[in-house]
Amino acid sequence: MPERHQSTTDGERTVTTDGGRPATTDGEPLLRVRDLKKYYGEGSSLFETLLGRESESVKAVDGISFDVHKGETVGLVGESGCGKSTTGETLLRLRDATDGRVEFDGEDVYEMDGDERTEFRRRAQIVFQDPFSSLDPRMTIGEIISEPYRIHGLPEESPDDGRSKREWRIDQAAELLERVGLSANHVERYPHEFSGGQRQRVGIARALALEPEFIVLDEPVSALDVSVQAQVLNLLDDLQEEFGLTYLFIAHDLSVVRHICDRVAVMYLGNIVELGPTDELFDDPQHPYTRALLESVPRAAVSESGRHVEPLAGDVPSPRNPPSGCRFRTRCPQVIPPGDVTLSQEAYREVMDLRDRLERDEFDAEAAWSHADEEADKPGFKSHLREEFFSHELTGDDEAAVEQALEALSNGDTEEAIAILRERFESVCETTRPLLQERTHPAACHLYEQPADAPVDREPVRAHPESGVVGNDETGAEAD
Amino acid sequence: MDEILRVRDLKTRFFTEEGQVNAVESVSFDVRDGEIFGIVGESGSGKSVTALSVIDLIESPGRVTGGEVWYRNADLADEFREKRSEAVDGDFVDLRRLPKGVRRSLRGPSFSMVFQDPMSSLNPSITVGEQIAEAVEVQRRARANPRSTRSRTQGYGLGKYLVDSIVPGREYTSTESKERAIELLEQVGIPDPEARAEEYPHQFSGGMLQRAMIAQALAGEPDILVADEPTTALDVTIQAQILNLLRDLQREQDMSIIMITHDLGVIARMCDRVGVMYAGQIVERGTLGDIFENPVHPYTEGLLGSIPDLEDPSPRLSPIEGNVPSLLDSEMGGRCYFADRCPNAMEACLNSIPEYDTDSGEVVGDGANAEAVHTARCVLATREFDAAEALGDDYFGDRAEASDPETPDDAAEQEVVSDA
């Protein structure tokens, strides 16, 4: 398994076990997120309890930790449904967290009340993705931008120059409009009179009204055309410099993230899988998911034509019932087999797909039987399954285990088949949840050394002497 | 390679309450056998309407008002050589001059389309397999009776509908077409196609639905597949799957694809030649290399300068200032439509600009220089920029101001497009 060996040495090269924090960690972070969880549909309703049903919650964000330092832009990137927007909204307390802790400037956000909370809401703002639905169509631009002042009771006293409080607020709004590149006399207009890019500028002006320190930018440019997107990105850059703002930039477009962010966290199915300084993460991606993601992005250059892209197979699993261990293992091109299994990754993936189907109870025995010649044609049944699942040849113990499992299936004993396959093929990736290491560029993946306290999702059926888990250095290398 | 489609001077108008919208303005391009031709542009640039005009799917209040769409089909040419000689040129027929019924019968076996949003393009209350089988069935009946449109969709009238609702078990599709549907699902890479064919659209993920849409489009084995933003609604890893699938299918079936997208990366990965659209015109077209490495039109340059590069993040993007202009006829005027945003606008740009061959600097059109590979609707194709003739920054008035009134009309036009 040359790939494995490669990766293991890779891991050793990058692991610096001095427990050092990122280089950017000078002083306290402005925002500290620890083990944040947000489950939707948590807790059964009375109705469901009466019916004896248990509701399954959607684990949108499932234990993520990161810091954001003053003046930096941290990117949160991932595909739809990975929980990035939920993270942004939950850490601003726009949604209640299920568990975990968020500190803003040293204060626990979820413990704040009264004045403290109002103060937090002034200092931390958000810009939403969709400029068409995030502005009230019945309010003028001036009213929209000055609404934060009204809510926070500003100005506290009427200005000395004889303007009313309302006039003061509208004047402020006009000033903000100019700052975001629109004209001050737009205050009297309504949102429908503006294009998408202009509306997004209004959204940014509203977020700036209370002179915040921290802004969550939730896909601020993804609804915009490229030429307008570039204008808004430049504007965000300028504003950050001018006001010393700190951004959490949520996006799915990797090119945009690379352009604007200082550090990037890659999310997959509610977890952060990799975190690092932007250039390092893009030039030397560690996690197989990050690599696949970068690989998939079409570059706007002639060299892109004919570039071979091996896309990730399959879809993101449901967050209601995420895979055990590593969330990415159902699509990962580098799942770690037990040491005595000598299959190629492709052949191992085929076994894993069959196992996944069985364990998720998605295996349709009847359909397979319909391909057999007659009721009791076990060889026909088995050869159909082989045809359906396996294109690579298996040998030795691997072949024996698969044959036994298919035999069990032909006897209708799915449990037995699952057990046989698990005994032989179980991967560390499915039993143990990988964690982010304590370093500047950690990756939550078993290909790299894992902390000793990595949570075990499912007790392994046999020991994994070879897999290099639990911080055991030597065994990782000797496996090959 | 021979052309399969020659579009010449195509014009499409929408007649709205605000006035006449020139959604497509004198568009010309060719599509060759077995190539992927890309049309790239920002929203409202007219790229979707161009494709819909080619396959005659424009609906009221829109109308194709001018131009020719030459499609190579020897059988059709023979059939109409006598009857309508003006509509035939060698093996080519001008689709716009053929009877409506014939044009309609070409949808499926000649042209077919994959839409942007797979969620809203499939019927949620019919199983995926059944919907694809319907498409297969339509094509099967059409083949049995090629030039009749009655045998296809109109055969299913009110009478049959009533009979079907009273007598259960009578279906439009047959067993053969259902089997073919399963084959198609397998061909587009849907695992376990027999089981998935029985499922409803909501049980499919976005990527799987887009595969099903493609299967449906392939039902008639089209010569030309129009893919309108086929991956815009999808995540990047799923996008990679679908793009690979489209490329493989294009090679296997030797069809041509017209790929419409706003994403220059998708263009670069997929296309052989590209047309860049702005304000209803193809402002520049050429090979991938022409467009990405030697762009002539300042809009093409601006578009390329606006996208952040994944490999090499430049500290500052150079966006195009201003906004897309109104496409209202009354406001269009006879100048280069990009002049008000163009950094290199000169006095010559205030005239209407024809398409130039960038090599020779000669005008392309009316059969002249039709071979030109790299063309641009820009004065800069014929001469260098001359600062002495440059228009002042404030020539078009305050840019922010000038662009404001455009929005409601723009929105109206967008709605029209999606309705069509």
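These legends walk you through close-up views of a predicted model.

**View 1. An open sheet of five strands in chain B.** Start with the overall order of the strands in chain B, which runs E2-E1-E4-E6-E5, with antiparallel pairing. At the edges you will find E2 and strand E5 (88–89) of chain B, each of which pairs on one side only. As you follow any regular strand, remember that side chains alternate between the two faces of the sheet.

**View 2. Strands E1 and E2 of chain B, joined by a hairpin.** Look for the two residues through which the hairpin links E1(B) to E2(B). Strand E1 (residues 3–16) of chain B pairs with E2(B) in the antiparallel sense, and 10 bridges connect them. To find your place along this pair, look for B:Val7, which stands opposite B:Phe29 in E2(B). Strand E2 (residues 19–32) of chain B is mostly covered, with 11 of its 14 residues buried.

**View 3. Strand E1 of chain B beside strand E4.** Here E1(B) meets strand E4 (residues 62–72) of chain B, again in the antiparallel sense, over eight bridges. A handy landmark is B:Phe14, which sits opposite B:Gly62 in E4(B).

**View 4. A patch of negative charge on the surface of chain A.** Is A:Asp113 buried or exposed? A:Asp113 counts as exposed because its relative accessible area is 54%, and exposed means over 50%.

Note on methods
Residues numbered from 1 in each chain as written. Chains lettered and ligands numbered in written order. Predicted model: local features only at pLDDT ≥ 70, side-chain atom pairs only at ≥ 80, totals over all residues. Heavy atoms only, no water. Buried < 20%, exposed > 50% of the residue type's maximum accessible area, 1.4 Å probe, protein only. Helix = DSSP H or I, 4+ residues; strand = E, 2+ residues; numbered from the N terminus. Pairing = 2+ DSSP bridges. Patch = residues over 30% accessible without salt bridge, like charges linked within 9 Å, V, L, I, M, F, W, Y side chains within 5 Å. Areas by Shrake-Rupley, 256 points an atom, 1.4 Å probe, with all protein chains shown as cover. Salt bridge = Lys/Arg side-chain N within 4 Å of Asp/Glu carboxyl O. Lys, Arg positive; Asp, Glu negative; His and termini not counted. Charge placed at Lys NZ, Arg CZ, Asp CG, Glu CD.
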